[in-house]
Amino acid sequence: MTTEKEQRLRDKLLPEIEAFKQERHSLQLATQDAEGVPNASYAPFAVADDGFYILVSELARHGTNLKVSDKVSVMLVEDEASAKSVFARKRLTFDATAHLVDRDSETFSKGVDLLAQRFGEMIDNLSTLKDFNLFKLSPHHGLYVKGFGQAFSLSGNELLDVDWKRDGHHGTPKSELADVAN
């Protein structure tokens, strides 16, 4: 059961997080190959009610990695130039599952349409190339950091449950994540 204070926090933070997502045009990706070797990259994205959509080439390392492992870590981060402090940039990170979207599906049309709305005809061109694949990234646990001492764990259905992390934001042990998700 949500307390009144928790509800006020949700009502304030969730619109702020949604605006933050819309202001960003690319997200940072952490993927891994078949041997578990990590790779950091980025991709332009579109956000929808069911996740984030990215269109990436399988010729790129992260494009290959996403086909090998569906586990991905994602970060949206405030631009250094607009941040009050480079040490406390606003950021939204989340663990997600990457789903390769079938070209003949309604989901493919939806994802490409959303990307085209944000990025124009470049998406129309890229989506027809056979080496480009559409992935839907489905977040299942997140962290929104507004600045020093302002870290908020996001969990639950559609990441709508907000918890102020007063003990720092260095990550939650997996045993605690199970409790947060339930």
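How many residues sit between β1 and β2 in their hairpin, and which residue in the turn has a positive phi?

**View 1. The β1–β2 hairpin and its turn.** Five residues lie between β1 and β2, and Gly36 is the turn residue with a positive phi, about 85 degrees. This is a predicted model, where local features need pLDDT of at least 70, side-chain atom pairs count only at pLDDT 80 or more, and totals for chains, interfaces and linings use all residues. Residues are numbered from 1 along each chain as its sequence is written, and side-chain values use heavy atoms, with hydrogens and water left out. Strands here are DSSP runs of E with at least two residues, helices are runs of H or I with at least four, and both are numbered from the N terminus. β1 and β2 run antiparallel to each other over seven bridges; strands count as paired if DSSP finds at least two bridges between them. Look for Leu27, whose bridge partner in β2 is Ala43.

**View 2. The two faces of β2.** In a regular strand, side chains alternate between the two faces of the sheet. Strand β2 (residues 38-44) has Asn39, Ser41 and Ala43 on its covered face, while Pro38, Ala40, Tyr42 and Pro44 make up the uncovered one.

**View 3. β4 and its partners.** On one pairing, strand β3 (residues 46-48) meets β4 in the antiparallel sense over three bridges, with Val47 opposite Phe52. Those two strands form a hairpin with two residues between them. β4 also pairs with β7, again antiparallel, over six bridges, and there Leu55 stands opposite Leu134.

**View 4. From β5 through β6 to β7.** β5 and β6 are antiparallel partners over seven bridges; Met75 faces Thr93 of β6 across that pairing. β6 then pairs with β7 in the antiparallel sense over 10 bridges, where His99 is opposite Lys136.

**View 5. The largest nonpolar core.** Nonpolar side chains tend to be buried together in soluble globular proteins. A nonpolar core here is a set of buried Ala, Val, Leu, Ile, Met, Phe, Trp, Tyr and Cys residues joined through side-chain atoms within 4.5 Å. The largest one has 25 residues, and Leu27, Ile54, Leu76 and Leu137 touch the most other members. At least two residues each come from α1 (4-23), β1 (26-32), β4 (51-57), β5 (71-77), β6 (91-100), β7 (132-147) and β8 (150-155). A second, separate core has 12 residues, including Ala46, Val101, Leu115 and Leu126.

**View 6. Zooming in on Leu76.** Leaving out neighbours within four places in sequence, Leu76 has contacts that include Phe20, Leu27, Phe45, Phe52, Leu92 and Phe94; contact means heavy atoms within 4.5 Å. Also among its contacts are Lys21, Arg24, Lys90 and Arg91.

View 7. Ser153 lies in strand β8 and counts as buried because its relative accessible area is 4%. Its side chain makes a polar contact with the side chain of His141 at 3.2 Å. For a polar contact, two N or O atoms must be within 3.5 Å; within protein, one must be able to donate a hydrogen and the other to accept it, and residues adjacent in sequence count only if both atoms are side-chain atoms. Gly147, in strand β7, is buried too, at 8% relative accessibility. The C-alpha atoms of Gly147 and Ser85 are 8.6 Å apart, with the two residues 62 apart along the chain.

Notes:
Buried < 20%, exposed > 50% of the residue type's maximum accessible area, 1.4 Å probe, protein only.
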